[in-house]
Amino acid sequence: GVADGFGDGGVNWGGTLGPNKSTLGPDGHLYIADTSVDLAYEMDPSNLSTAVQLIDASNKTDQQYVNSIWVTGTQAGGDRKIYLVNGRYTDPRVGLIEYDLGANAAVPANEVGVQVVTGVPLASYYGKDVSRDSNGDWYLSTYRSEPNQAPPIIKFDGTGEYPLDNHVIWSASRDYAGSPDGIDIN
């Protein structure tokens with residue numbers, strides 16, 4: 001419930017990694033990626049005492065991480081989509097995954113989504129965050145422990161055919177280690 005101005009949405013947020021990345025959707029709702037249990041939630045900011053779980057185990061592989069979330073459209077408009085960054089580089093579905101919710105409150109059972117970006121341009125490193133600009137282009141950040149492994153940020157042409165692996169507009173220098181854990185486009 002809501003206590004001292006803080007709402008947990010009724011979710012037992014656990015572990016050391018979640019809740020992790022959050023974003024505001026076009027509907028004004030708060031969307032949260034819970035990396036500890038690799039799920040995603042939606043909360044109405046007017047009542048933070050209730051969260052809607054957007055995916056379950058049938059919507060992902062048992063190896064899939066949920067490191068970040070991005071939202072387009074609205075449930076009321078019937079065109080809502082969520083995009084989840086699967087940062088587990090050993091999972092064949094590593095990259096950015098699109099789930100088409102439409103007017104549904106959550107992703108229907110057994111709907112596994114479409115890979116928008118596969119692991120190829122991430123060069124087998126952890127995908128961390130995602131953002132999108134007004135042109136529809138995607139930006140993904142990666143975690144690298146050593147220099148010259150993978151670009152820390154990659155920009156993809158969002159008008160290309162899925163997967164967008166062959167539609168890289170630019171990538172930041174591989175000279176740096178570490179990770180931009182959070183990115184945003186203004």
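## Tyr 139 and Trp 170

Tyr 139 has a relative accessibility of 9% in this predicted model, so Tyr 139 counts as buried, the cut-off being under 20%. Trp 170, at 37%, counts as partly exposed.

Tyr 139 and Trp 170 form an edge-to-face aromatic pair, with 6.1 Å from centre to centre and 65 degrees between the planes. Tyr 139 belongs to strand β12 (residues 138–143) and Trp 170 to strand β14 (residues 168–171), so the contact ties together parts 31 residues apart in sequence.

## Trp 13 and Tyr 41

The structure holds three aromatic pairs. One of them joins Trp 13 and Tyr 41, again edge-to-face, at 5.1 Å centre to centre and with 70 degrees between the planes. Because Trp 13 sits in the loop between β2 (6–7) and β3 (22–24) while Tyr 41 sits in strand β5 (residues 39–43), this pair links parts that are 28 residues apart in sequence.

Trp 13 is buried at 19% relative accessibility. Tyr 41 is buried as well, with a relative accessible area of 7%.

## Arginine over a ring

Arg 132 is placed over the face of Tyr 83, 5.9 Å from the ring centre.

## Four-stranded sheet

Four strands make up an open sheet in the order β7-β8-β9-β10, paired antiparallel. The edges are β7 (68–72) and β10 (114–117); each has a single partner strand, so one side of each lacks a neighbour in the sheet. From one strand to the next, the twist averages 30 degrees.

Three bridges connect strand β9 (residues 95–102) with β10 in the antiparallel sense. Leu 96 stands opposite Val 117 in β10.

Note on methods. Residues are numbered from 1 along each chain as its sequence is written. This is a predicted model: local features need pLDDT of at least 70, side-chain atom pairs count only at pLDDT 80 or more; totals for chains, interfaces and linings use all residues. Side-chain values use heavy atoms; hydrogens and water are left out. Two strands pair if DSSP finds at least two bridges between them. Helices (H or I, at least four residues) and strands (E, at least two) are DSSP runs, numbered from the N terminus. Axes are lines fitted to C-alpha atoms, for helices over the stretch in contact, and angles run from 0 to 180 degrees between N-to-C directions. Rings of Phe, Tyr and Trp (its six-membered ring) pair if their centres lie within 6.5 Å; planes under 30 degrees apart count as stacked, over 60 as edge-to-face and the rest as tilted. Buried means under 20% relative accessible area, exposed over 50%, partly exposed in between (1.4 Å probe, protein chains only). A charge sits over a ring if NZ of Lys or CZ of Arg is within 6 Å of the ring centre and within 35 degrees of the ring normal.
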